[in-house]
Amino acid sequence: MEVEIRHLRIICAIAESGSLTRAAKTLRLSQPGLTAQLRRIETMLGGTLFERAPQGVRPTAFGELVLARSRAVLPAIDDLVFGLRAPAQNRTLRIGTVNAPLLTGLLTWLDAAHPEALVTTVTRGAATRLVELVEAAQLELAVVGDCPGYELAAGPSVVLRPVATEPVFAMMAVGHPLAAKTEVTLAELAAEDWIAPPPDDDRIREYWTTIFHDAGLAMRVRHEAEGTVLLDLVLARRGVSLCQATFRQVPGLAIRPIAGDPLWYRHLLAWHRDAPFAAAAAEVVEHARHAYDEASRRNDAYPAWLAGHTAAGGMRRE
């Protein structure tokens, strides 16, 4: 593992705030998560960077040296990113996305609206990383998402525009006993073994855990996995998990609403204020919403849920 630019920013944020608690809030991390990252950074650099003081934390002598060099390096990095932007004749449109259903629909529209452009895509597991790339002008547009109480933060150069808010559903193998139900409860899910993604900077796993905790329940996570590995474990009946309501139907997989709709996920677009999309923001968002409407039919459970919940609010078009 090598030291990255984001590690230097973390070090500077801790020093500037003088407190791990305040730095964690600024960086939108949990304090235990920030503490763990700091320990990994110190291991990589080979020395202790901060010592605890009555009022918070303060740099060690080694920490002062690292801070001095970080503060010298970071402005040069920012100047490189913002001062040497690609010229206007560069028609490459760089799109980033998390695991969301909007991308392909947006790409179809972009191909039609900008036939002269070369559209490229990158995928990241954490929305926070994509927002950082947008802020650094390394992406023109990003498809991101967040959860209630864990909303994404962005600097003044980034626009965050909601597209839709949807419930989070449960998923299990077709042969699982809960698959015979039209909807499941949190209590029923808490009685099962779980397959869950590892904690990340977006704090989605923390959001799930909090919802269960507030209901007096706990997630019994037996397997930490993501992507196809998580799906394979669910299909092998190693446990249950959660998914977006727009999750694509897979043979052998059952997707079920959760009674009371206790968990929600919000889809957003992020773009740089100086990006080509800024001048056509309303059009971009409208096409993203159309892409979402198309994606809402990717499994049988969500259209049925929408039919029964539209009058009560249902999926919220933002």
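**Close-up views of a predicted model**

View 1. Asp261 lies in the loop between β10 (253-256) and β11. The model shown here and in every other view is predicted. Most residues other than glycine have a negative phi. Asp261 is not a glycine, yet its phi is positive, at about 50°. With a relative accessible area of 15%, Asp261 counts as buried, because buried means under 20%.

**View 2. Ala137 and its positive phi.** Ala137 belongs to the loop between α6 (127-135) and β5. Although Ala137 is not a glycine, its phi is positive, at about 60°. The relative accessible area of Ala137 is 16%, and the residue is therefore buried.

**View 3. The largest nonpolar core and Leu263.** This core contains 74 residues, and those that touch the most other members are Val144, Leu189, Leu263 and Leu269. Strand β6 (residues 158-173) supplies the largest share of the core, with nine residues. Apart from this core lies another one, of 18 residues, including Leu8, Leu34, Val57 and Val66. When neighbours within four places in sequence are left aside, Leu263 is in contact with Glu166, Pro167, Val168, Leu186, Tyr207, Trp208, Ile211, Leu242 and Ile258.

**View 4. Leu74 and its contacts.** Leu74 is located in helix α4 (residues 61-83). Its relative accessible area is 9%, so Leu74 is buried. Leu74 and Ile5 are 69 residues apart along the chain, and their C-alpha atoms are separated by 7.7 Å. Residues up to four places away in sequence not being counted, Leu74 touches Ile5, Leu8, Arg9 and Cys12.

**View 5. The aromatic pair of Tyr150 and Tyr207.** The structure holds seven aromatic pairs. One of them joins Tyr150 and Tyr207 in an edge-to-face arrangement, with 6.0 Å from centre to centre and 65° between the planes. Tyr150 lies in the loop between β5 (141-146) and β6, while Tyr207 lies in helix α8 (residues 204-214), so the pair ties together parts that are 57 residues apart in sequence. Both Tyr150 and Tyr207 are buried.

**View 6. The aromatic pair of Trp264 and Trp305.** The ring centres of Trp264 and Trp305 are 6.2 Å apart and the planes stand at 75°; the pair is therefore edge-to-face, a class that requires an angle over 60 degrees. Because Trp264 lies in strand β11 (residues 264-272) and Trp305 in helix α11 (residues 301-309), the pair ties together parts that are 41 residues apart in sequence. Trp264 is buried, at 16% relative accessible area. Trp305 also counts as buried, at 5% relative accessibility. Ring pairs link Phe169, Trp264, Tyr302 and Trp305 into a cluster.

View 7. Glu166 is part of strand β6. Glu166 is buried but has no salt bridge. The nearest side chain of opposite charge is that of Arg298, 7.9 Å away. The side chain of Glu166 makes a polar contact of 3.3 Å with the side chain of His267. A polar atom of the Glu166 side chain also lies 3.3 Å from the backbone nitrogen of Ala245. Not counting residues up to four places away in sequence, Glu166 touches Gln244, Ala245, Thr246, Leu263, Trp264, Tyr265, His267, Tyr292 and Tyr302.

How values were computed. Residues numbered from 1 in each chain as written. Predicted model: local features only at pLDDT ≥ 70, side-chain atom pairs only at ≥ 80, totals over all residues. Heavy atoms only, no water. Core = buried A, V, L, I, M, F, W, Y, C linked by side-chain atoms within 4.5 Å. Buried < 20%, exposed > 50% of the residue type's maximum accessible area, 1.4 Å probe, protein only. Helix = DSSP H or I, 4+ residues; strand = E, 2+ residues; numbered from the N terminus. Contact = heavy atoms within 4.5 Å. Phe/Tyr/Trp six-rings, centres within 6.5 Å; stacked < 30°, edge-to-face > 60°. Lys, Arg positive; Asp, Glu negative; His and termini not counted. Salt bridge = Lys/Arg side-chain N within 4 Å of Asp/Glu carboxyl O. Polar contact = N/O pair within 3.5 Å; in protein donor to acceptor, adjacent residues only side chain to side chain.
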